[in-house]
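Open the model in your viewer and keep the sequence panel beside it. The stops below go from one selection to the next.

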Amino acid sequence: MGWPDTVPLHAFVNGPISGTGPLRPSWCYGTPGIGRALQLAALARGNEAARQFAEQVVLGSITDPLQLAQIRDATLCHGLAGLLLTCDRVASDAVSPAIAKELPALRARLDAHLVQHDIPKDAGLLTGRAGVLLALHTLNAPSPFRAGRPALF
C-alpha cells in the first residue's frame, strides 16, 4: 500500500490502473514523505485513526524489499538519507514502536551504501553532499527535535 508520486489526469478521471505497484519510498514525493505529512495532520487534528493509518503505510513501505530496492542513492530527496530521516521523525511520533525497530536496518543500509559509493560529490542540499551530511548530523544529535512533544530549552 502507498501513494503514487504523481497522479496523471487520466488516472484522476478514470481511476488508477490495476496492477501498478508502489513506487520508490522517498521523502520528497514517496509514501514515507506523504505518510509523515498525514501523520502530522492527524496529530494536529487529534485523529488517531488517520495517524495510525499513516504510520502503518509508512511501515509497509520500509519493510517491502521491492520498494526499498528502488532507492539507489544516498541523497536527501530521493535516497536513503531522506528516507531514514523521515522515518526517524515518523517513529518519534508513532503510536507503535514498529517503525523505530526498522531504523537500525535503514541506517545500516545507508552506511553500507556510503561505504560502497561514498557521499555524493556535488554540494546540493536535496541531491548532494550537504543533504546527506545534514541528515547524518541530525540523526546523530544527542536529542533531536520531536514534533509531537514540547521542546525543552
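For a pair of helices, each axis is a line fitted to C-alpha atoms over the stretch in contact, and the angle is taken between N-to-C directions. The model on screen is predicted.

Begin by selecting helix α3, residues 48–62, together with helix α6, residues 98–117. Their axes lie 10 Å apart, and the packing angle is about 25 degrees. Angles under 35 degrees count as roughly parallel, so α3 is roughly parallel to α6. The crossing of α3 past α6 is left-handed.

Next, show the side chains at this contact. On α3, pick Glu55, Val58, Leu59 and Ile62; on α6, pick Ala98, Ile99, Glu102 and Leu106. Six of the residues in this contact are nonpolar, two are charged and none is polar.

Now move to the largest nonpolar core, which has 24 residues. Select Leu83, Cys87, Ile99, Leu106, Leu110, Leu114 and Val132, the residues with the most contacts inside this core. Two or more core residues come from each of α3, α5 (80–93), α6 and α7 (129–140). The largest share, eight residues, is given by α5.

Centre the view on Val132. Which residues does Val132 contact, leaving aside its neighbours within four places in sequence? They are Ala74, Thr75, Ala81, Leu114, Ile119 and Pro120.

Finish at Asp118, in the loop between α6 and α7. Most residues other than glycine have a negative phi. Asp118 is not a glycine, yet its phi is positive, about 65 degrees. Asp118 counts as partly exposed because its relative accessibility is 40%.

Methods. Residues are numbered from 1 along each chain as its sequence is written. This is a predicted model: local features need pLDDT of at least 70, side-chain atom pairs count only at pLDDT 80 or more; totals for chains, interfaces and linings use all residues. Side-chain values use heavy atoms; hydrogens and water are left out. Axes are lines fitted to C-alpha atoms, for helices over the stretch in contact, and angles run from 0 to 180 degrees between N-to-C directions. Helices (H or I, at least four residues) and strands (E, at least two) are DSSP runs, numbered from the N terminus. Angles under 35 degrees count as roughly parallel, over 145 as roughly antiparallel, 65 to 115 as roughly perpendicular and the rest as oblique. A crossing is left-handed if the near helix is turned anticlockwise from the far one by less than a right angle, and right-handed if clockwise. Contact means heavy atoms within 4.5 Å. Ala, Val, Leu, Ile, Met, Phe, Trp, Tyr, Cys and Pro count as nonpolar, Asp, Glu, Lys and Arg as charged, and the others, Gly among them, as polar. A nonpolar core is a set of buried Ala, Val, Leu, Ile, Met, Phe, Trp, Tyr and Cys residues joined through side-chain atoms within 4.5 Å. Buried means under 20% relative accessible area, exposed over 50%, partly exposed in between (1.4 Å probe, protein chains only).
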